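Subject: Structure handover and notes

Hello,

The structure is passed on to you here, with my notes below it. Please read the notes with the model open.

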Amino acid sequence: MELFYYMVFGGLAAVVAALELSKSNKDRINTSSAFNSFKNNYLLVYSLMMAGDWLQGPYVYFLYKSYGYGKGEIGQLFIAGFGSSMLFGTIVGSLADKQGRKRACVTYCITYILSCITKHSPQYRVLMVGRILGGIATSLLFSAFESWLVAEHFKRGFEQQWLSVTFSKAIFLGNGLVAILSGLFGNLLVDTMNFGPVSPFDAAAVFLAIGMAVILSSWTENYGDSSENKDLLTQFKGAAIAIASDEKIALLGAIQSLFEGSMYTFVFLWTPALSPNDEDIPHGFIFATFMLASMLGSSIAARLLARNSVKVESYMQIVFVISSISLMLPTLTSFLVTPSNVKGGSISFSGCLQLLGFCTFEACVGIFWPSIMKMRSQYIPEEARSTIMNFFRIPLNIFVCIVLYNVNALPITIMFGMCSIFLFTASILQRRLSAIGEKPKTEEWTMLKEKNAEDEELNVA
C-alpha cells in the first residue's frame with residue numbers, strides 16, 4: 001500500500017488523539033454520577049446497534065454479486081430498501097410515539113436480525129424481503145433510539161446541555177470507533193478466516209441480539225402522545241401541521257434531508273471517483289480512514305457543544321459551506337487536472353486531492369450528527385418526535401432512490417456538483433434558522449392538541 005494512505009491515516013489519528021488528550025475543563029461538561037451511568041448504558045446499546053449495522057454495510061453489494069446478480073438487479077434491491085424505509089418505515093417509526101420507544105427499539109433488533117437471516121438464501125424474492133425489513137429497521141435506528149434517549153433524559157431530570165455529551169460520544173463511538181472495528185472484524189471473518197460473505201451478517205445478528213437483551217433488562221418505556229383515541233392518520237396530520245406551522249422545524253427537516261441526501265450519494269460515488277480507470281485502491285483502509293475523519297469531527301463537535309458561548313446554529317453554517325467545497329473537488333479536478341487514461345495502477349494525483357477532500361467531508365459528517373441531534377432535541381415537540389423525524393426521511397429516501405435509479409445516466413462530476421449545491425443550500429437555510437432560532441416557539445402545536453381534545457369531547461358527547 002502506498003505511503004500516501006498511511007500518511008493520511010496517521011495524520012488524522014494524531015490529530016484525534018491530540019484533541020482527546022488535550023481537553024481542558026472548558027471542553028468538558030460537569031455531570032452527575034447518575035447521568036454517567038445512564039449515558040454509559042445508552043452508549044453500550046447504541047454501539048451494539050451500530051456494530052450490527054456497520055458489519056453489514058461493506059458486504060451487502062459483495063454478497064448479492066456472489067449470488068450471481070448483476071448491477072441492475074442489485075440496484076433494484078437497494079431501491080427497495082430505501083423505498084421500504086420511506087413507506088413502511090415511516091409508519092412503523094411513527095408508531096413508536098404511541099406504542100412506546102423501547103418497544104420500537106426492540107422491534108428494530110428483531111427486524112434487522114430477520115433481515116440478516118434472509119441473506120443465507122440466494123433466492124431473489126427472499127433477498128428482496130430482507131431489503132424491505134432492512135429499510136424498516138433503518139427508519140427505527142435513526143428515530144426510535146434518539147427519541148427514547150431525549151425523553152428519558154428529561155424524565156430523569158438531567159440538564160439539557162448534558163444531552164450534547166451523550167450525542168457527541170455516541171457519534172464518536174458508534175459512527176467512528178465501532179465502524180472501524182466492525183470493518184476490521186468483517187475483514188477477519190471473510191478474508192482471513194474464510195467464513196464467506198454471509199458471515200458478517202451472522203455476526204451482526206449476534207450483536208443485535210446482545211443489544212436487545214440489554215434493552216429488555218435495563219430500559220424503561222417512554223411515549224410521545226399515547227392517547228388511545230388518536231389513530232395513526234391523526235398522528236400524521238398533527239406532525240404535518242407541526243412542520244408546516246413552525247418554520248424552525250421545517251427548516252431543520254430541509255437541512256437534514258439536503259445533508260443526508262448528499263451523504264448517502266457520496267457513499268455510492270466515492271469508489272468510482274477515486275478509481276475512474278480501475279486504479280487499485282485499498283477500499284477497506286480508505287473506509288477506516290473516513291471513519292477516523294468522522295471521529296475527528298465528533299471530537300470537534302464535543303468541544304463546540306460544551307461551550308455555552310458557541311451556538312450550534314452558527315457554526316453549522318460554516319460546516320455546510322466546507323462540506324459543499326469538499327464535494328465540489330471531483331468537479332473542479334476534472335477541469336484543473338489533466339485526467340489519466342491509463343488503466344489500473346495506483347491512485348492518481350487527482351484521486352489524492354479528492355481523497356483529502358472526502359476526508360474533510362467525513363469530518364463535517366462527524367460534526368453534523370451530534371449537532372443535528374442537539375437541534376432536534378431543541379425544536380421538535382416531544383409528543384410526535386419519532387413521527388416528525390421519520391417525516392424528515394421521506395424526501396431523503398426519494399432523493400436517494402432517484403440517484404440510484406439514474407446512477408449510470410449522469411456523469412459523476414455532475415452528481416457531485418449537485419450534492420455541492422444541496423450542501424450550500426443547507427448553509428443558507430441554516431443561516432435562516434440561526435436568525436429565527438431565538439424567537440419563541442410557535443403555539444400552533446399546543447393549539448392543535450387543544451383543538452383535537454375539544455373535537456374528541458364533542459365526538460364522545
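Predicted model: local features only at pLDDT ≥ 70, side-chain atom pairs only at ≥ 80, totals over all residues.

Residues are numbered from 1 along each chain as its sequence is written, and side-chain values use heavy atoms, with hydrogens and water left out.

Overall fold

The protein chain has 17 helices and 0 strands (DSSP runs numbered from the N terminus, H or I of at least four residues for helices, E of at least two for strands). Its radius of gyration is 22 Å, close to the 23 Å that the globule rule gives for 461 residues, so the chain is as compact as a globular protein of that length. That radius is taken over C-alpha atoms, and the globule rule is 2.2 Å times the number of residues to the power 0.38. The C-alpha trace spans about 80 × 55 × 45 Å along its principal axes.

Of the 461 residues, 56% are buried (under 20% relative accessible area; exposed is over 50% and partly exposed is in between, with a 1.4 Å probe and protein chains only). The accessible surface of the chain is about 19800 Å², and carbon and sulfur atoms hold 65% of that area (Shrake-Rupley method with a 1.4 Å probe; for residues, only the protein chains shown count as cover). Taking contacts (heavy atoms within 4.5 Å) between residues at least 6 apart in sequence, 88% join residues at least 24 apart.

Core

The largest nonpolar core has 141 residues; such a core is a set of buried Ala, Val, Leu, Ile, Met, Phe, Trp, Tyr and Cys residues joined through side-chain atoms within 4.5 Å. The members that touch the most others are Met-49, Tyr-108, Phe-145, Phe-290, Met-316, Phe-358 and Ile-388. Helix H14 (residues 349-379) supplies the largest share of this core, 14 residues. Leaving out residues up to four places away in sequence, Tyr-108 touches Met-49, Asp-53, Ala-137, Leu-140, Leu-141, Phe-145 and Leu-208.

Salt bridges

The count is 7 salt bridges (a side-chain nitrogen of Lys or Arg within 4 Å of a carboxyl oxygen of Asp or Glu). One of them joins the side chains of Arg-376 and Glu-146, at 2.4 Å from N to O. Arg-376 is in helix H14 and Glu-146 in helix H7 (residues 144-155), so this pair ties together parts that are 230 residues apart in sequence. Arg-376 and Glu-146 are both buried.

Another salt bridge is between Glu-247 and Arg-432, whose closest N and O atoms are 2.8 Å apart. Because Glu-247 lies in helix H11 (residues 247-274) and Arg-432 in helix H16 (residues 412-436), the pair ties together parts 185 residues apart in sequence. Glu-247 is partly exposed at 36% relative accessibility, and Arg-432 is partly exposed at 37%.

Glu-152 and Arg-156 also form a salt bridge, with 3.1 Å between the closest N and O atoms. Glu-152 is buried at 2% relative accessibility, whereas Arg-156 is partly exposed at 40%. A network of salt bridges links Glu-152, Lys-155 and Arg-156.

Surface patch

Phe-185, Leu-188, Met-193 and Phe-195 make a nonpolar surface patch of about 350 Å². Patches are made of residues with over 30% relative accessible area and no salt bridge, where like charges are joined within 9 Å and nonpolar side chains (Val, Leu, Ile, Met, Phe, Trp, Tyr) within 5 Å. Phe-195 sits in the loop between helix H8 (162-192) and helix H9 (199-218), and is partly exposed at 48% relative accessibility.

The contacts below leave out residues up to four places away in sequence.

- Ala-273 is in helix H11 and is buried at 9% relative accessibility. Ala-273 touches Gln-354, Phe-358, Ile-412 and Phe-416. Ala-273 and Ser-350 are 77 residues apart in sequence, with 9.5 Å between their C-alpha atoms.
- Asn-175, in helix H8, is buried at 8% relative accessibility. Its contacts are Tyr-46, Met-50, Trp-54, Ala-170, Met-291, Ser-294 and Trp-369.
- Ser-434 is in helix H16 and is buried at 13% relative accessibility. Ser-434 touches Lys-311, Glu-313, Ser-314 and Gln-317.

Regards
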